[in-house]
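Open the model in your viewer and keep the selection panel handy.

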Amino acid sequence: MIGTYCHGNHGTPSGELCDECSALAAYADARIGRCPFMATKTFCSQCKVHCYAPKERQAIKDVMRYAGPRMLLRHPAMTIRHGLDTLRAKRTEPR
């Protein structure tokens with residue numbers, strides 16, 4: 001998703017990242033690698049604990065907001081699964 005965002009917003013060639021997006025991808029990989037809940041959760045947006053610093057969290061939200069709708073064309077099965085998992089999580093959340 002970061003690649004899609006970088007290509008669309010920073011004009012990088014497909015498959016390449018600018019320095020800013022490379023740093024964000026490395027940060028995200030490091031945080032995901034240290035996540036104690038990764039075995040039981042499906043997406044970070046469904047997690048009660050937020051591992052990202054506020055600046056990086058906002059950057060990831062911007063990436064998701066841009067790349068999310070475009071993922072339907074690139075990875076339709078994954079996109080539909082993500083949407084269904086999100087809906088299920090919202091239904092089971094206590095109010």
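In which kind of crossing, left-handed or right-handed, does H1 pass H2? Before you turn the view to decide, a word on ground rules. This is a predicted model, in which local features need pLDDT of at least 70 and side-chain atom pairs count only at pLDDT 80 or more, while totals for chains, interfaces and linings use all residues. Residues are numbered from 1 along each chain as its sequence is written, and side-chain values use heavy atoms, with hydrogens and water left out.

**Stop one: the whole chain.** Show the cartoon. The C-alpha trace spans about 45 × 30 × 20 Å along its principal axes.

**Stop two: H1 against H2.** Select residues 2–10 for H1 and 19–33 for H2. H1 passes H2 in a right-handed crossing, meaning that the near helix is turned clockwise from the far one by less than a right angle. The two pack at an angle of about 165 degrees with their axes 10 Å apart; axes are lines fitted to C-alpha atoms over the stretch in contact, and angles run from 0 to 180 degrees between N-to-C directions. That angle makes H1 roughly antiparallel to H2, a label for angles over 145 degrees.

Now show side chains. Ile2, Tyr5, Cys6 and His10 of H1 meet Glu20, Cys21, Leu24 and Ala25 of H2, where contact means heavy atoms within 4.5 Å. These residues divide into six nonpolar, one polar and one charged; Ala, Val, Leu, Ile, Met, Phe, Trp, Tyr, Cys and Pro count as nonpolar, Asp, Glu, Lys and Arg as charged, and the others, Gly among them, as polar.

**Stop three: the largest pocket.** Select Met1, Phe43, Cys44, Ile60 and Met64, which lie nearest its centre among 32 lining residues. A pocket is an open set of points on a 1 Å grid over the protein atoms alone, where a 1.4 Å probe fits, with protein on both sides within 12 Å along at least five of seven lines; lining residues have an atom within 4 Å of a point. About 1200 Å³ of space lies here, a volume being the space filled by probe spheres set on points joined across faces, edges and corners. H3 gives the most to the lining, with eight residues.

Terms used
Helices (H or I, at least four residues) and strands (E, at least two) are DSSP runs, numbered from the N terminus. Angles under 35 degrees count as roughly parallel, over 145 as roughly antiparallel, 65 to 115 as roughly perpendicular and the rest as oblique.
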